[in-house]
2 protein chains.
Amino acid sequence: MNADVFLVGSGQTRFGEWWDKSLPALIEEAVSAAITDAGITALDIDAIVIGNMIGQQISGQGQLGAMTSALLPHRPPALRVEAACASGSVAVHTACALLESKRAETVLVVGAEKMTDAENTAIASALMGAGDSERDAPAGLTFPGIFGLIASRYMHDYGLTREELSLVSSRHHEHAKANPYAQFRSSVSPESVSSSAPVADPLRLLDCSPISDGAAAIILSRTRKSPLRLAASQLATDALSLAERPTITSFAATRDAFCRACEEAEIDRKEIAHLELHDCFSIAALINLEDMQFADPGQGIGIYRDGLQEMSVNLSGGLKGCGHPVGATGVKQIRDLAKQLKASKQRFGAAHNFGGAGATCCVHILEHACEP
Amino acid sequence: MNADVFLVGSGQTRFGEWWDKSLPALIEEAVSAAITDAGITALDIDAIVIGNMIGQQISGQGQLGAMTSALLPHRPPALRVEAACASGSVAVHTACALLESKRAETVLVVGAEKMTDAENTAIASALMGAGDSERDAPAGLTFPGIFGLIASRYMHDYGLTREELSLVSSRHHEHAKANPYAQFRSSVSPESVSSSAPVADPLRLLDCSPISDGAAAIILSRTRKSPLRLAASQLATDALSLAERPTITSFAATRDAFCRACEEAEIDRKEIAHLELHDCFSIAALINLEDMQFADPGQGIGIYRDGLQEMSVNLSGGLKGCGHPVGATGVKQIRDLAKQLKASKQRFGAAHNFGGAGATCCVHILEHACEP
């Protein structure tokens, strides 16, 4: 980081199906909660960045920067960023640049998505905007289809079984039980994952993060101190189309962003106590753990089978347990890390958020100034 | 500016109806032209910001940051920003923050829009995403409707006649004749504006900027010098809904952004030799000139009727003459200013770009180090 950037407050809606709340209403709820949590007034905010993917298509609402700014009495400068499911973390990254550039002292970062107001086909089509519209979409691929291909190849290459893969969602659901903001708060056995409805072979319904409504907000500041500071913010990209990648069982953008984030924070990956990673589909969790070198290629499942003493993975419940209002997830991950670090009195947490099948990846490392 | 940010190159497609070019193809053409113009290699670019409004809805293509990054061999970090018709200038603003923050040395900024592939109703609906989806859209308003209301009120308040208003588009078309990248390059008489088809009373077809395809790209750098540097980059917002504004014949975000930009550049508005302003509809040009205090309220038409010796207005042809591929306009304006300042050997030019009915406004001031 090129300046000290502190996390001074956060808030969110519970993720879920909010039939009675519009996209603007979700945003307002999260923003109010974050301002209250930070103990500041709205007037202390001098810039806003919002991450959102499908608000224009599904809610007919673009220009969300101006819309969010109008919630505050003094209408600070505001903009929206989009990088598919990484929109939230890319909003955080953009806010870091605004702070480091000295264009702002205190920035409100919002992630929000309203997804349950539309037919599933409309949502699947809108989400496919994260893929390659000229190569992959015309082939009939949707994102479950893309991750089904990835899972098939991974199982073929590494011998992962259907029963093993089911451990991933089951574990994330178990974690979500303790999170009052999670969409799903009940146990899901590995057997019920394996026997849930087929979606895109070999993936089943309970391998897939759900369609969700929700918003999260964090407040970052250069001038207001807190025990939590960002130690790294790194953004990386990869080809949109699966057809243009040398392999589909490894995500280059995850490798790049995570490696650079550890360098920026000047830490070894072993120092990370809590990891929130992007488990849009169960198979993605395994590959991401491998690309972050917490496991060898093909061995990610060991972390779910044998446990990992030194680091929690998706203690919030992840995308599977918490729900995945796409633009909100990357902001919510950082809020969750803050809660986890405070509770465990550990020093480092990492948030890994990607777009589509990893064409954009943004990794943040949060450092907690623990009591000596 | 919190660092020296130089404009080292630019490129664009001609704006127009490009039935044979997709959104990615338009982007690639502009990016290639800008890299060539800058005399750098693609590898010199270490970040990308792209401004686009409706690519997800109309071309099914989101995550345009990653898509654009994949055009370059080393896939630099990339993100998309959206602020409706101000998406291009907000991309430039974001790039400034990335440069000033020292996160990047040389940034490629792209603005692009593909609009002619869809029915007019689909485009009108997508563009209305720039308005307030809960207040103004349900009333049946489209953007021609919104600016029709604004024009009606303005004519009522200030006595502007239909014949006077027609001078605006006529003048912009006259300027566009000299611009090889303009969509329209023929004269349009004030009489033909007045007698063109009614669109939203009192606005006629030739009061409205067209639906266009196009892309523009500029390359900004901290480390590569050029005689052109950004002297200011300012972003401001206003309420989305007309119903939430104290007046509809003045744009608060234009006032705020322009006033702050002059302060940042430490210049008086009278030092601006060339102004590219957002004339999405003819009436907007007049109001923006007044909000930038180049004319008193209600007197903007004087600049078109009597001429203005000291400053050119939309010498490129503006949105009316050049076409308005929405995300591209804000980037193209800065490219045009650079060409104008080099040709005239003048020192300062300003680019004014807004979203929707001015809910987001971004103003850049470009300084040309003239030969002594």
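This is a predicted model: local features need pLDDT of at least 70, side-chain atom pairs count only at pLDDT 80 or more; totals for chains, interfaces and linings use all residues.

Analyst: For the complex, the predictor gives an ipTM of 0.97 and a pTM of 0.98.

User: How many residues does the contact take from chain B and from chain A?

Analyst: The size of an interface is often given as the accessible area lost when the parts come together, but here residues in contact are counted instead. The contact takes 49 residues from chain A and 49 residues from chain B. On the side of chain B that touches chain A, the elements giving two or more residues are α2 (55-59), α3 (64-69), β3 (78-82), α4 (87-100) and β8 (228-237) of chain B. The residues of that side of chain B divide into 22 nonpolar, 19 polar and 8 charged.

User: How many bridges join β3 of chain A to β3(B), and which residue stands opposite A:Arg80?

Analyst: Strand β3 (residues 78-82) of chain A is joined to β3(B) by 3 bridges, and the two strands run antiparallel. Opposite A:Arg80 stands B:Glu82 in β3(B).

User: Which residues have the most contacts inside the largest nonpolar core?

Analyst: In soluble globular proteins, nonpolar side chains tend to be buried together. The largest nonpolar core in this model has 254 residues, and those with the most contacts inside it are A:Val109, A:Val110, B:Val109 and B:Val110. Leaving aside neighbours within four places in sequence, A:Val109 is in contact with residues including A:Val49, A:Ala91, A:Val92, A:Ala95 and A:Val331.

User: Is helix α10 of chain B mostly covered or uncovered, and what do its buried residues pack against?

Analyst: An α-helix has 3.6 residues a turn, so residues three or four places apart point the same way. Helix α10 (residues 282-291) of chain B is mostly covered, with 10 of its 10 residues buried; among them are B:Ile283, B:Leu286 and B:Glu290. The buried residues of α10(B) pack against α6 (143-158), α7 (162-176), α9 (252-265), α11 (301-306) and β11 (348-355) of chain B. After α10(B) comes B:Gln293, whose phi is positive, near 65°.

User: Where is A:Lys102 found, and is A:Lys102 buried or partly exposed?

Analyst: Most residues other than glycine have a negative phi, and most peptide bonds are trans. A:Lys102, although not a glycine, has a positive phi of about 70°, and A:Lys102 is found in the loop between α4 (87-100) and β4 (106-113) of chain A. A:Lys102 counts as partly exposed because 15 C-beta neighbours lie inside 10 Å. B:Asn314, also not a glycine, has a positive phi of about 55° and lies in the loop between β10 (312-313) and α12 (318-322) of chain B, but B:Asn314 is buried, with 25 other C-beta atoms within 10 Å.

User: Which residues does a cis peptide bond join in chain A, and which in chain B?

Analyst: In chain A a cis peptide bond joins A:Asp201 and A:Pro202, with omega about 5°, and A:Pro202 lies in the loop between β5 (198-200) and β6 (203-204) of chain A. In chain B a cis peptide bond joins B:Asp201 and B:Pro202, where omega is about 5°.

Definitions and conventions:
Residues are numbered from 1 along each chain as its sequence is written. Chains are lettered from A and ligands numbered from 1 in the order in which they are written. Two residues are in contact if their C-beta atoms, placed from the backbone, lie within 7 Å. Helices (H or I, at least four residues) and strands (E, at least two) are DSSP runs, numbered from the N terminus. Ala, Val, Leu, Ile, Met, Phe, Trp, Tyr, Cys and Pro count as nonpolar, Asp, Glu, Lys and Arg as charged, and the others, Gly among them, as polar. Two strands pair if DSSP finds at least two bridges between them. A residue is buried if 20 or more other C-beta atoms lie within 10 Å of its own, exposed if 12 or fewer, and partly exposed in between; C-beta atoms are placed from the backbone. A nonpolar core is a set of buried Ala, Val, Leu, Ile, Met, Phe, Trp, Tyr and Cys residues joined through C-beta atoms within 7 Å.
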